[in-house]
Amino acid sequence: MKWMMSVMTAVMMFVSMGAAHAADAPSCDAKTSPIANQQDANKRCPSICTTAGYDKWNGQWTNTPPSGAGPVCGCVVKSKDVKTTPIANQQDADKRCPSVCKGANNVWNGQWTNTPPSGAGPVCGCYQMKAADVKTSPIANQQDADKRCPSVCTTAKATWNGQWTNTPPAGGGPVCGCLTPSCG
């Protein structure tokens with residue numbers, strides 16, 4: 001009986017962590033008709049997200065999003081594989097994949113393999129993102145950017161891509177370079 005409880009606890013922890021990971025993944029809203037309740041969302045949102053070209057449903061929905069777009073299902077953005085050199089182990093992936101993905105304007109999704117089904121060689125799994133400038137106050141130097149830009153981007157529901165400037169080509173003043181979900 002103790003063994004069974006331990007296994008059940010481990011499974012529950014795994015399922016909970018998996019669900020949290022999906023909710024934390026970059027997401028986009030897919031428009032739909034009004035959703036009656038959670039049961040209706042559970043039935044409709046998975047296919048709404050995949051039909052709209054997203055990876056899967058993230059478990060979120062609302063009839064009144066802040067954007068005013070009307071009823072939406074929250075969808076996880078698609079992942080893509082970005083080539084890299086052979087990965088030795090999880091620690092090596094943890095160290096290298098974030099920068100491999102960021103170099104391609106993406107965010108690492110925690111996945112990697114040396115032998116993908118495509119036969120492309122070693123890859124890091126990356127969420128597809130797009131670059132976006134987020135306005136901020138003047139940035140003194142790289143140290144100042146390192147300190148401020150991550151929170152500037154997080155506030156904008158984005159991830160800092162390591163870039164910044166006080167004089168962007170489009171004008172408008174200082175910006176931090178951020179990566180936002182690539183929503184259709």
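The S-S torsion of Cys149 and Cys176 is about -75°, so this disulfide is left-handed. Its sulfur atoms sit 2.1 Å apart. The term covers a pair of cysteine sulfur atoms within 2.5 Å. Cys149 belongs to helix H4 (residues 142-155) and Cys176 to strand S8, so the bond ties together parts that are 27 residues apart in sequence. Both Cys149 and Cys176 are buried. Buried here means under 20% relative accessible area, exposed means over 50%, and partly exposed is in between, with a 1.4 Å probe and protein chains only.

A word on the basis. This is a predicted model, in which local features need pLDDT of at least 70, side-chain atom pairs count only at pLDDT 80 or more, and totals for chains, interfaces and linings use all residues. Residues are numbered from 1 along each chain as its sequence is written, and side-chain values use heavy atoms, with hydrogens and water left out.

How many disulfides are there by this rule? The count is 7. Take Cys97 and Cys124, joined S to S at 2.1 Å. The torsion there is about -70°, so this disulfide is left-handed. Cys97 lies in helix H3 (residues 90-103) and Cys124 in strand S6, so parts 27 residues apart in sequence are tied together. Cys97 and Cys124 are both buried.

Now Cys28 and Cys183. Their sulfur atoms are 1.8 Å apart. The torsion is about -90°, so the disulfide is left-handed. Cys28 is in strand S1, while Cys183 is in the segment after strand S8 (175-181), so this pair links parts 155 residues apart in sequence. Are these two cysteines buried or exposed? Cys28 counts as buried, at 2% relative accessibility. Cys183 is partly exposed, with a relative accessible area of 36%.

Next, the overall layout. The chain has 4 helices and 8 strands. Helices (H or I, at least four residues) and strands (E, at least two) are DSSP runs, numbered from the N terminus. Along the sequence the pattern reads α-β-α-β-β-β-α-β-β-α-β-β. Of the 184 residues, 35% are buried. Contact means heavy atoms within 4.5 Å. Among contacts with a separation of 6 or more, 52% come from residues 24 or more positions apart.

On to the sheet. An open sheet of 3 strands has the order S1-S3-S2, with antiparallel pairing. Strands pair if DSSP finds at least two bridges between them. S1 and strand S2 (56-62) stand at the edges with a single partner strand each, so one side of each has no neighbour in the sheet. S1 and S3 run antiparallel and are joined by 5 bridges. Lys31 stands opposite Val72 in S3. H2 packs on the sheet and touches S1, S2 and S3. The direction of H2 makes about 135° with that of S2; axes are lines fitted to C-alpha atoms, for helices over the stretch in contact, and angles run from 0 to 180 degrees between N-to-C directions.

Last, the cores. A nonpolar core is a set of buried Ala, Val, Leu, Ile, Met, Phe, Trp, Tyr and Cys residues joined through side-chain atoms within 4.5 Å. The largest has 18 residues; Cys45, Trp57, Cys73 and Tyr127 touch the most other members. Strand S1 (27-31), helix H2 (38-51), strand S3 (72-76) and strand S6 (123-135) each supply at least two residues. Which element gives the most to this core? H2 does, with 4 residues. Apart from this core lies another, of 10 residues, including Ile139, Val152, Ala158 and Cys176.
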